[in-house]
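These notebook entries record what I looked up in the structure shown below. I took the strands first, then the rings and the core, then the loops.

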Amino acid sequence: QTVKESWLISPKKANIHLVADIDLGTVRAEELRRFDTTFEFNVDADNQVFGGFAAWFDVEFPQPNPDVKKVVLSTSPFELKTHWRQDVFFTYESVPLKKGSTIKGVLILHQNGWWKRHYDAEFSYNIDGNEHYVKLSS
């Protein structure tokens, strides 16, 4: 099943966070072993429940001719479905949210030691000042 836009705490494109921007033509293998990023999401509606993080990717195919529109493959819940879908990182608990709540934190993605095409994820985050942590392996 795919993530529905209505499942997001803020179903607006403005409340998304870019984890990595990778140029597949120049990236080196060692640059793909770990990604670190901080994030902040603002809740814009009451009666929301936070239970995890959703992730997806976009791929832009540059065009040699600047007059030709670039092609973008997106697995975002804001776009048409693809067979790749999205990833969901469920937390250990569900947290009720209210309008104005803030989720701030750090995400660390480590390349899995056994399956090199997989990543382990660590989320350290707080919701309105209350600390939370979740570590997920592929």
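Entry 1. I began with the bridge partner of F123 and found V134, in strand 8. The model is a predicted one, and I read every value here as computed from it. I then looked up I127, whose bridge partner in strand 8 is N130. Seven bridges join strand 7 to strand 8 (residues 130–136), and the pairing is antiparallel. The two strands form a hairpin with two residues between them. In that turn I noted D128, which has a positive phi of about 50°.

**Entry 2. Aromatic pairs.** How many aromatic pairs does a search of the whole structure find? It finds 11. I examined F50 and Y125, which form an edge-to-face pair with 5.7 Å centre to centre and 70° between the planes. This pair links distant parts of the chain: F50 lies in strand 2 (residues 48–55) and Y125 in strand 7 (residues 119–127), 75 residues apart.

I next examined F53 and F123, a stacked pair with 4.1 Å centre to centre and 5° between the planes. This pair, too, links distant parts of the chain, with F53 in strand 2 and F123 in strand 7, 70 residues apart. F53 counts as buried at 7% relative accessibility, and F123 is buried with a relative accessible area of 3%.

I then traced how the rings join up. Ring pairs link F39, F41, F50, F53, F89, F123 and Y125 into a cluster.

**Entry 3. The nonpolar core.** Which residues of the largest nonpolar core touch the most other members? They are F39, F53, I103, F123 and Y125, out of 19 residues in this core. Strand 1, strand 2, strand 5 (87–97), strand 6 (102–111), strand 7 and strand 8 are the elements that give two or more residues to it. Strand 7 gives the most, with four residues.

I listed the contacts of Y125, leaving aside neighbours within four places in sequence. Among them are F39, F50, F53 and I103. The contacts of Y125 also include T91, K104 and G105, and N130, E131, H132, Y133 and V134.

**Entry 4. Positive phi in the loops.** I recorded as background that most residues other than glycine have a negative phi. N47 has a phi near 60°, a positive value in a residue other than glycine. N47 sits in the loop between strand 1 and strand 2, and at 76% relative accessibility it counts as exposed. R85 also has a positive phi, near 60°, and is not a glycine. R85 is found in the loop between strand 4 (71–74) and strand 5. With a relative accessible area of 40%, R85 is partly exposed.

**Entry 5. S76.** Not counting residues up to four places away in sequence, S76 touches W56, F57, D58 and Q86.

**Entry 6. V71.** V71 and E60 are 11 residues apart in sequence, and their C-alpha atoms are 5.9 Å apart in space. Leaving aside neighbours within four places in sequence, V71 is in contact with V59, E60, F61 and Q63.

Methods
Residues numbered from 1 in each chain as written. Predicted model: local features only at pLDDT ≥ 70, side-chain atom pairs only at ≥ 80, totals over all residues. Heavy atoms only, no water. Phe/Tyr/Trp six-rings, centres within 6.5 Å; stacked < 30°, edge-to-face > 60°. Buried < 20%, exposed > 50% of the residue type's maximum accessible area, 1.4 Å probe, protein only. Pairing = 2+ DSSP bridges. Core = buried A, V, L, I, M, F, W, Y, C linked by side-chain atoms within 4.5 Å. Contact = heavy atoms within 4.5 Å.
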